[in-house]
Amino acid sequence: MNPVKIGLLGLGTVGGGTVNVLKRNAEEISRRAGRAIEVSHASARELNKPRICDTTGITLTSNPAEVVDAPEVDVVVELIGGDGLAYEMVMKAINNGKHVVTANKALIAKHGNEIFAAAQKKGVMVAFEAAVAGGIPIIKAIREGLSANRIEWLAGIINGTGNFILTEMRDKGRDFADVLAEAQALGYAEADPTFDVEGIDAAHKLTILASIAFGIPLQFDKAYTEGITRITREDVTYAEELGYRIKHLGVARRTNGGIELRVHPTLIPERRLIANVNGVMNAVLVKGDAVGPTLYYGAGAGAEATASAVVADIVDVVRALTSDPENRVPHLAFQPDQLSDLPILPVDEIVTAYYLRLQVEDRPGVLADITRIFGEAGISIEAVLQKEPAEGETSVPLIMLTQRVKEQSMNQALAAIAKLDAVTGEPVRIRMESLG
Ligand code: HSE
């Protein structure tokens, strides 16, 4: 049988890794897929750049449309990134009747509903394992491995760059900017690294995970997104004293009123496995009603780790080339006409516990005033820690952990607390999840 021909859009970190993995493991891959797989065409913005892969035998062009239009190409692998040219090329590939594999989380999170509808109509597959958590086969695990379950919640460290920064800051006291520059040099960070540190990249990925977990359309615009730029060394230390680690977490939870979809720094008990996921590693914890909690761990970024997921998708597509399009695994795990309209909850409606740090005057009655406000708002306090004043200061840091409460109630209580004379500066608030 003739080899399946791949047209690669993008020959950067992941594109180069994909060429290398496909070449190195060609024999094993073809034994798995049932056909040989070869990259026949590839596009790159700059053709004469030094690359991590050997492109001998590949027809190269700087025009991705030539790859998408090449009649020999069976599967288009989109590794351009972003949702401009990549969107255009993926839609063109689908219209040309070609299957698509993509690592592009922004594209799927923002345009997936439209892309999958177009693919369905044309009878082609769009595979996107590499879009979430790099090399971890989390899409496959949720979409197929957990299909017996009603998924209750999932929580993940799904941005390697952010986790690398938080880990280096905690373990080595390194500077934020310095660690970010290293993540960029290692090829972990997004082209625009604010996507990593402001939580946008994680929100793209969480949006995708929530859709396949709960059977809802992709709704990136409704995800609550908060990054790690305001995390201070002080909070990392106090959290540790209380037995917690601060991680940048994506949380999706099914509640009676709708779905919580949120990305933010989060205190997690340090005894949880996921609290010990460090460096560029990712992990996703998924709670199904039948299986209970399951944890998936691995490299969330990097050339060959991400290529591992890209190539696995190519193998899946090759295996299903001759299958009846109506009987393939649905893109979003649930049959397209069976998606639910459960609303995504506004952040005010989410329910979570909190770590709070207030700067307060060290005098009698201050704590009583604060606890009265919390009591009136129905907020239960779990722990209080008062630190020594800094040299020459009369105010002290007061750290409090609360039990779970609706975000709206916490906002109201904090607004009242911020008005107390004894409270200086803005209260710091970091959400907290037990993940039990
Ligand atoms: N910038 C992403 C990360 C790459 O750091 O996780 C993988 O999606």
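Trainee: How far apart do the C-alpha centres of domain 2 and domain 3 lie?

Mentor: They lie 26 Å apart. This is a predicted model: local features need pLDDT of at least 70, side-chain atom pairs count only at pLDDT 80 or more, and totals for chains, interfaces and linings use all residues. Residues are numbered from 1 along each chain as its sequence is written, and side-chain values use heavy atoms, with hydrogens and water left out.

Trainee: Where do the bounds of domain 2 and domain 3 come from?

Mentor: From the domain assignment, automatic or from a database. It gives domain 2 as 138-299 and domain 3 as 350-432.

Trainee: What area is buried between domain 2 and domain 3?

Mentor: About 1,500 Å², with carbon and sulfur atoms giving 60%. Buried area is the accessible area (1.4 Å probe) that two parts lose on being put together, summed over both. Tyr238, Leu242 and Leu267 supply 36% of the area that domain 2 buries against domain 3, more than any other three residues.

Trainee: What makes Glu226 and Arg431 a salt bridge?

Mentor: The rule asks for a side-chain nitrogen of Lys or Arg within 4 Å of a carboxyl oxygen of Asp or Glu. The side chains of Glu226 and Arg431 meet at 3.0 Å, N to O, so the pair meets the rule. Between domain 2 and domain 3 the count is four salt bridges.

Trainee: How do you know that the span of helix α12 agrees with its number of residues?

Mentor: Helices are DSSP runs (H or I, at least four residues), numbered from the N terminus. The expected span is 1.5 Å times one less than the number of residues. For the 17 residues of α12 (303-319) that gives 24 Å, and the end C-alpha atoms are 24 Å apart, so the two agree.

How values were computed:
Helices (H or I, at least four residues) and strands (E, at least two) are DSSP runs, numbered from the N terminus.
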